[in-house]
Amino acid sequence: MRLNFTMWAVSSFVGSDGMVNIQFLDEQVRPTTFSAMFNLLDVDAWDGSTYELLHYIESLSFSFLEPCGDDRVVFPHVMVNTLHSVPNMPSFLGHLPMRR
């Protein structure tokens, strides 16, 4: 089995203003940091077929205002997933109503 991959990463740790929040929620909870790592894998399977996997890890920290005070509590939220490409998958987007 042969495995080729491409990796890229994004982060808000370096003074980025890239995160936005819903304005009326900003006092109760706000995202403080975001980072993600993506791996696009080309896999040659044992049976000779080839398929793609997209593996990603995202980390987002939320800062919550404590209900009984002015202190903030930070909770990390981590998401890890792997998506498998499906050849000849029909597009369902054509069946969604479009708003203009």
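Biologist: Why is S61 called buried?

Modeller: The relative accessible area of S61 is 13%, and buried means under 20%, exposed over 50% and partly exposed in between, with a 1.4 Å probe and protein chains only, so S61 counts as buried. This is a predicted model, where local features need pLDDT of at least 70, side-chain atom pairs count only at pLDDT 80 or more, and totals for chains, interfaces and linings use all residues. Residues are numbered from 1 along each chain as its sequence is written, and side-chain values use heavy atoms, with hydrogens and water left out.

Biologist: Which residues does S61 touch, leaving aside those up to four places away in sequence?

Modeller: R30, P31, T32, T33, V74, F75 and P76, where a contact means heavy atoms within 4.5 Å. S61 itself sits in strand β3, residues 50–65; strands here are DSSP runs of E with at least two residues, helices are runs of H or I with at least four, and both are numbered from the N terminus.

Biologist: How do you know that β3 pairs with β2?

Modeller: Pairing asks DSSP to find at least two bridges between two strands. Strand β2 (residues 29–44) and β3 have 15, in the antiparallel sense, and D42 with E52 is one of the bridge pairs. The two strands form a hairpin with five residues between them, and G48 in the turn has a positive phi of about 95°.

Biologist: And what makes β3 and β4 a pair?

Modeller: They are joined by 13 bridges and run antiparallel; E58 has M79 as its bridge partner in β4.

Biologist: Happy with that! Now the rings: how many aromatic pairs are there?

Modeller: There are four, counting rings of Phe, Tyr and Trp (its six-membered ring) with centres within 6.5 Å; planes under 30 degrees apart are stacked, over 60 edge-to-face and the rest tilted. F62 and F64 have their centres 6.3 Å apart and their planes at 50°, so that pair is tilted.

Biologist: Why is the pair of F64 and F75 called edge-to-face?

Modeller: The centres of F64 and F75 lie 5.6 Å apart and the planes stand at 75°, so the pair is edge-to-face. It links distant parts of the chain, with F64 in strand β3 and F75 in strand β4, eleven residues apart.

Biologist: What makes F75 partly exposed?

Modeller: Its relative accessibility is 45%, which falls between the two limits for buried and exposed. F64 also counts as partly exposed, at 34%.
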